[in-house]
Amino acid sequence: MIVHIARHELRSLFLSPLAWVALALVQLLLAYIFLLNIDSFIAGQDELALNPQAPGATLLVVIRMLGNVPTLFMVVIPLLTMRMLCDEKRLHTRVLLLSSPLSMRAIVLGKYLAVMAFFGFSWLMIALMAISLNLGTELDLGQIAAALLAVFLFIMALVAIGLYMSSLTAQSAIAAITTFALVLLLWMVDSGVKPDGGDSLLSHISMSHHYQTLLSGLLALESVAYFLLVAAVFLLLTVRQLHRERVYG
Amino acid sequence: MDKQILVSVDRVGRRYGDLTAVHEVSFYLKRGEVLGFLGANGAGKSTTMNMLCGVLAPTHGTITIVGHDIIKDAIKAKSRLGYLPEQPPLYRDLSVDEYLDYCARLRRVPAVQRYQRIRDIKQRCGLSKVGRRIIGRLSKGYQQRVGIAQAIVHLPDLIVLDEPTVGLDPVQIREIRGLIRELARDHGVILSTHILSEVQAVCDRVQILDHGRIVFADDISSLSAQMSAATLLLSVRKEPNLGALLAIDGVVAVQRVGAMCPRGDCHFQLEIDEKNNPAERVAQYAVENQLGLYELIPQQMDLEQVFIDITTNERALSPEGTRS
């Protein structure tokens, strides 16, 4: 059942020009950043060669590019998740799902899988771009793997939040803006708390903290768990919201 | 063999905050029956239909579909029903074929039967020629048919149709009614409408819902009986003696219709005792007195009148606040 819903949603996503434009722009912007980084890396070659402690291409090109990914996705993902549940309400197609022999869980997971598959594709393109550098130079593939994992986990959390916001309202614009606001808040909740980067309570709930940890190549269990937990909590909230609508709506 | 009970609804109610949309409603449906739900707009029809199909949870009471509770055993119950809500749940940017395929998957039609089933259903609903068209570009009548096709694609035991003929032209209405009668042969159909003649045309039993309560529930024939004549229209050429008319056995009241005999045609409305119909005696009287009788018509109450009668009577009998 989940697969049927996911298949349908993925198809609907690709039917809308918005999805194609979003996918293309993400790719274009990241490719441009990637090129800029390579350019400045090559320009700084001589200086770097003098310093044995100097960072390599992995850090200066790939990781720097991946550091920009959240900013892009923070804007793009809400635009694609905003319709997932609230359009069903607005166009009255919700009734089709609710009167079919499906559990609420299947509905939410089906839609979640569809958006994940969509951005999984985008993630794959980013990964290929990063690894393509391996043709010219030696990369720290371990760190890159950890960083790509961070990107994927970030997408997982963000899509779940977007889905939940979409379940709360019938206005897609509201779903998009609240998703963006909430993710931005989670991202920068610890900014300026401890400029030395030390540990504080807020940094435990900060997305950027956990993202940076993984990006630095440290496969911290806490950070992986953080993103998975955020995704799980918001998916559960979405299921609950659908149940609530049936009882109170 | 006694016909299987498909749906039983036991004291189901629904509140929206302080507003009680449906009070304790109970009814049942057997296979092969068409049950009509009549009610003014806002009487609670759509709320009842939504609860029946698991879209809304009832505040209290139980709904059982072919033995499965719609809340506790939702998946089994829902696989036995098909629902066309007031607003057809259509994905407007899909083609008819794609849409029905998705619906068939959602309703768990086995993969091997899917293709053939969709073809059959399209034929039944007159959609064979528009399979590849985008739903959003179809006319309202076709969209409504797609809505019905969606509800029957998995051959459910119970089909719930909420105002299926709204916005259709007379020819389409006749087609859809024919389809409903045909479906009722091996399924059970619950139909909600505010058009009384529709109930007369397709339903076996009728329930009238008013302010969230069932105020009338009976066979369609007894609804017709309620409509039978309670008045006679008498038209004569010469002015009769009103006192003498009133004196005829069975005449309860006499009322003049129109002015006093302009150009020699007088019309009277005679209220009569239904159990003691005086039509014959009135005719005899008119002939004996040479009144020039040229019309004596038993007046059928129209459905609208019956409907208003039933709902207003009921309101008078059960004043607000008799909440159980």
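**Close-up views of the predicted model**

View 1. A:Leu13 is a residue of helix α1 of chain A; helices (H or I, at least four residues) are DSSP runs numbered from the N terminus. The model is predicted: local features need pLDDT of at least 70, side-chain atom pairs count only at pLDDT 80 or more, and totals for chains, interfaces and linings use all residues. Residues are numbered from 1 along each chain as its sequence is written, while chains are lettered from A and ligands numbered from 1 in the order in which they are written. A:Leu13 counts as buried because it has 20 C-beta neighbours inside 10 Å (buried: 20 or more other C-beta atoms within 10 Å of its own; exposed: 12 or fewer; partly exposed: in between; C-beta atoms placed from the backbone). Leaving aside residues up to four places away in sequence, A:Leu13 touches A:Ala19, A:Leu80, A:Ala114 and A:Phe118, contact being defined by C-beta atoms, placed from the backbone, within 7 Å. Between the C-alpha atoms of A:Leu13 and A:Leu80 there are 8.0 Å, although these residues stand 67 residues apart along the chain.

**View 2. Crossing of helices α1 and α7 in chain A.** The axes of α1 (residues 2–15) and α7 (residues 104–132) of chain A come within 7 Å and cross at roughly 45°; axes are lines fitted to C-alpha atoms, for helices over the stretch in contact, and angles run from 0 to 180 degrees between N-to-C directions. The pair α1(A) and α7(A) is therefore oblique (under 35 degrees is roughly parallel, over 145 roughly antiparallel, 65 to 115 roughly perpendicular, the rest oblique). Residues in this contact include A:Ile5 and A:Leu13 of α1(A), with A:Ala114 and A:Phe118 of α7(A). By class, the contact of α1(A) with α7(A) comprises twelve nonpolar, one polar and two charged residues (nonpolar: Ala, Val, Leu, Ile, Met, Phe, Trp, Tyr, Cys and Pro; charged: Asp, Glu, Lys and Arg; polar: the others, Gly among them).

**View 3. The largest nonpolar core.** This core has 149 residues, and those with the most contacts inside it are A:Val159 and A:Ala160; a nonpolar core is a set of buried Ala, Val, Leu, Ile, Met, Phe, Trp, Tyr and Cys residues joined through C-beta atoms within 7 Å. Helix α8 (residues 141–168) of chain A gives the most to this core, with 18 residues.

**View 4. Contact between chains A and B.** Chain A contributes 16 residues and chain B 22 residues. On the side of chain A that touches chain B, α1, α6 (94–98) and α12 (221–248) of chain A each supply at least two residues.

Note on methods: Contact = placed C-beta atoms within 7 Å.
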